[in-house]
Structure formats: C-alpha cells, structure tokens
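This report goes through selected features of one protein chain. Please look at the sequence and the structure below before reading on.

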Amino acid sequence: MKKIASFIIVFMLLGTSVSVLFNISSAETLPSEGSVIENIEIAISENVPFREKLSSLMGRIRYISGVRHFGNVYIGNNGSLLQEIEIPSSRIFSAAKNYILGFAEKNQTKPYFMLVPTSSVILQQEIVTFANEDIYNQRNMINRMYSEFGGKVRTTDIYQTLYDHRGEYIYYHTKNLPTSLGGYYIYGELCSRLGIEQTPLDAFSIAYGAHGFYGSLATDFLKQYSSSDFVSLYEYNGGSGILERRENNGSIKISESLFVYSEEAFEDKTDMIFGGISPVMEITSAESLGERSSILIFGDESAKSWLPFLSSNFGKITFVELDLADEKLLSKISAEDYDEILFAYGASTFVEGIAFEKLEFIG
C-alpha cells in the first residue's frame with residue numbers, strides 16, 4: 001500500500017484530475033495492488049495532459065521500487081532489454097507443420113528447419129531471480145515443433161550453443177535479434193548439421209558499422225536503463241559475393257558487398273547488413289568454399305546475423321521472406337534448382353505466424 005500512497009502524492013503535487021483516480025476506484029472489482037499501479041499508469045496515459053512525461057515519471061518510480069518488467073520487456077542486469085514472446089497457439093504449430101511437410105513431400109530435397117531462441121530465454125541470468133519463473137519456456141516450444149515433423153524434416157538445434165556462449169555479446173541489448181557474433185555460433189551449428197566445413201572466424205574481416213545506437217526496444221523511458229549497441233560486419237576475405245535484392249514491383253538492385261557501410265542510411269542500424277531484408281535476396285560467389293553449390297532459405301531478419309557467414313560455403317544462396325514476397329515473385333523460384341533447402345526463423349517471429357501458405361507458389 002505504500003507504493004499506492006506514493007503515487008497519489010505525486011498526482012496531488014502535479015495537479016492531476018481527481019476524476020482519473022475516481023475512474024480507477026469505481027471499478028466493480030477491486031484489483032490487486034500491482035494491478036492498481038498498472039491501471040493508474042493507463043489512466044494517466046489516457047486522461048492527463050503531458051501524459052508521456054507523467055508516464056515516464058511513473059515508470060521511474062516503479063523502477064526505483066525494484067520493478068524490472070515493463071509491458072513485455074524485462075530490463076536485464078547488464079542493460080539488455082529482453083522481450084518476452086507470445087505463447088504460440090496450437091493453430092500456429094499445426095499450420096506450420098502442415099505447410100512445411102506438404103512442401104517437403106512435393107520436393108525431392110529433404111529440407112532443414114531451425115528456430116532461433118530469443119535473448120529472454122538464453123540470457124535469463126540477467127533477469128531478477130523472482131521474474132525468471134514467468135519466462136516462457138522456449139526450449140520446450142522448439143523441441144515440440146521439431147517433434148511435429150516426425151523425421152520428415154531435418155531439424156537444427158542451436159539452443160545449447162547459444163546458451164553456452166551467453167556471457168558474450170551474442171544478442172543486441174535493445175533489439176530482439178542475435179548479433180553477428182551470435183550469428184557465427186548459429187552458423188557453426190548449421191555447418192555441422194549440413195555436413196559442411198565451418199569457415200574459421202579469422203577468414204573474415206571485421207568492420208564496426210555503427211556504435212552507440214539504440215534499437216526498437218529502447219523506448220524513451222527504457223533507453224535510460226539500457227546499454228547501447230554496435231553492429232559488427234564480418235566480410236569474407238575470399239569475397240563476400242554479389243548481392244541481388246528483388247522487390248515485388250520487379251525492381252532489382254545489385255551490390256558487390258553484403259553490407260552498406262553508412263549508418264546514416266538506416267534508422268535500424270542492423271540494416272547495414274544486406275541493406276535490410278528484401279522479399280527475395282540472392283547471393284552468388286565464385287570464391288565460396290563450394291562444398292554445396294546452392295541453397296534455398298526461407299527466413300526472417302534473424303538471418304542478418306548468420307547468413308553472411310554461410311555465403312562462404314555456397315556459390316548461390318536464395319533467401320526468401322515469405323511475409324514480404326508476393327505470388328509473382330515466388331513463382332519465379334523452383335525448389336528443384338537447389339541442393340539444400342532451409343527454413344530458419346526467430347522464435348518471436350514464428351509464434352506470430354508465418355505466411356507458409358505462400359509455399360504453394362514456389363515451383
């Protein structure tokens with residue numbers, strides 16, 4: 001009750017309308033103390049002038065009182081903002097399984113499937129102990145999805161590898177994505193599963209593309225309690241390949257590098273990798289290690305972390321973002337033209353639902 005009293009004092013000092021508190025207290029069912037605090041914040045955001053500043057003030061008071069959970073984001077001890085994912089519905093699992101298995105059955109090449117866990121589960125040590133129990137168990141979810149395929153799709157488990165390196169900078173602090181270093185560990189597991197040799201890290205030149213930036217999780221309020229990020233660009237010394245970005249309107253942009261060395265060009269600094277994700281991207285390289293000639297990948301922006309490394313192993317990589325690509329663009333792709341096929345998604349994207357029904361447009 002002391003917390004509630006402190007809030008009321010703040011309201012009085014700021015001249016807050018009595019009607020705000022009246023609206024909260026007049027509810028038919030009296031909520032718990034924690035719920036009251038959240039309802040007060042909602043009332044402020046909806047009714048009080050200068051609500052952004054007041055909402056920030058309320059957040060600071062909660063932070064000082066020991067709260068580290070704001071909405072679906074936890075503030076980690078190391079300054080990481082750890083976003084909790086939604087609990088997936090059975091419909092999401094069923095749709096994903098059916099569409100991918102249907103795709104696998106009509107193609108001779110047996111596909112691989114990989115889910116990338118988010119930082120909220122890998123970096124749980126950064127979350128205050130009492131809140132750990134509330135973190136959704138992504139490992140069980142991933143294992144459940146893998147078991148759905150019944151051996152008809154080859155799965156790639158990267159959970160343990162990321163967990164073993166959890167003390168390193170493998171996730172951005174303020175964006176729900178693995179960093180390039182995290183991507184290298186993911187790439188290593190992919191190589192092991194694909195049966196190809198992992199290119200050593202010293203075969204890549206490192207450039208630091210952006211320093212001190214804050215990603216989409218760092219709201220005006222959370223930014224003050226989070227650590228800034230930097231983007232590392234790992235370019236293969238043997239030639240990073242030619243990048244062809246294809247858009248739904250038929251436009252094609254060709255680059256001689258996988259990276260755009262200008263942080264000013266992007267609001268999202270991680271878009272320095274590939275220039276951001278396009279509906280379809282093709283990477284070709286005559287200087288790849290060439291153990292397999294081609295791979296077709298269906299994925300999301302988590303590929304920014306590991307795909308540049310994989311380009312050292314394949315002469316041709318076609319990457320497809322199903323949610324972005326339209327029927328006409330997809331119909332130009334034939335799965336039979338590739339030696340390998342991979343489905344690779346971040347867990348947070350996967351539970352929101354992927355447009356797997358578009359797989360029917362692939363030749």
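This is a predicted model: local features need pLDDT of at least 70, side-chain atom pairs count only at pLDDT 80 or more; totals for chains, interfaces and linings use all residues.

Which residue forms a salt bridge with Lys 304? The partner is Glu 301, and the closest N and O atoms of the two residues are 3.1 Å apart.

## Salt bridges

The count of salt bridges in the model comes to 9. One of them joins the side chains of Asp 268 and Lys 175, with a distance of 3.1 Å from N to O. This pair links distant parts of the chain, as its two members are 93 residues apart. Asp 268 sits in the loop between β9 (252-255) and β10 (280-284), and Lys 175 in the loop between α9 (159-164) and α10 (180-194). Asp 268 is partly exposed because its relative accessible area is 22%, whereas Lys 175 has a relative accessible area of 8% and is therefore buried.

Lys 175 and Asp 268 also belong to a network of salt bridges, in which they are linked with Asp 271, Glu 301 and Lys 304.

Is Arg 246 buried or exposed? Its relative accessibility is 19%, and buried means under 20%, so Arg 246 counts as buried.

Helix α11 is mostly covered, with 8 of its 8 residues buried. Those residues are Ala 303, Lys 304, Ser 305, Trp 306, Leu 307, Pro 308, Phe 309 and Leu 310. Lys 304, one of the buried residues of this helix, is the residue that forms the salt bridge with Glu 301.

The loop between α11 (303-310) and β12 (314-320) contains Asn 313. Because its relative accessible area is 0%, Asn 313 is buried. What lies 2.9 Å from a polar atom of the side chain of Asn 313? At that distance is the backbone oxygen of Glu 197.

## Residues in other loops

Two residues of interest are in the loop between β6 (204-213) and β7 (229-236). One is Asp 220, and another is Leu 217. Asp 220 counts as exposed because its relative accessibility is 73%. Leu 217, by contrast, has a relative accessible area of 9% and is therefore buried.

Asp 220 and Lys 53 are 167 residues apart along the chain, and their C-alpha atoms are separated by 9.9 Å. For Leu 217 and Leu 82, the separation is 135 residues in sequence and 8.5 Å in space, C-alpha to C-alpha.

Gly 238 lies in the loop between β7 and β8 (242-246). Its relative accessibility is 27%, so Gly 238 counts as partly exposed. From C-alpha to C-alpha, Gly 238 and Ala 203 are 7.9 Å apart in space, and they are 35 residues apart in sequence.

Phe 274 is in the loop between β9 and β10. Although Phe 274 is not a glycine, it has a positive phi of about 70°. Phe 274 counts as buried because its relative accessibility is 1%.

## Surface patches

Which residues make a nonpolar surface patch of about 280 Å²? They are Ile 206, Tyr 208 and Phe 230. Phe 230 belongs to strand β7. With a relative accessibility of 31%, Phe 230 counts as partly exposed. A patch takes in residues with over 30% relative accessible area, so the value of 31% puts Phe 230 above that cut-off.

A negative surface patch is formed by Asp 323, Glu 327, Glu 357 and Glu 360. Among them, Glu 357 is placed in the segment after α13 (347-352). Glu 357 counts as partly exposed because its relative accessibility is 38%.

Methods
Residues are numbered from 1 along each chain as its sequence is written. Side-chain values use heavy atoms; hydrogens and water are left out. Patches are made of residues with over 30% relative accessible area and no salt bridge: like charges are joined within 9 Å, nonpolar side chains (Val, Leu, Ile, Met, Phe, Trp, Tyr) within 5 Å. Accessible areas come from the Shrake-Rupley method with a 1.4 Å probe; for residues, only the protein chains shown count as cover. A salt bridge is a side-chain nitrogen of Lys or Arg within 4 Å of a carboxyl oxygen of Asp or Glu. Lys and Arg count as positive and Asp and Glu as negative; His and the chain ends are not counted. The place of a charge is taken as NZ of Lys, CZ of Arg, CG of Asp or CD of Glu. Helices (H or I, at least four residues) and strands (E, at least two) are DSSP runs, numbered from the N terminus. Buried means under 20% relative accessible area, exposed over 50%, partly exposed in between (1.4 Å probe, protein chains only). A polar contact is a pair of N or O atoms within 3.5 Å; within protein, one must be able to donate a hydrogen and the other to accept it, and residues adjacent in sequence count only if both atoms are side-chain atoms.
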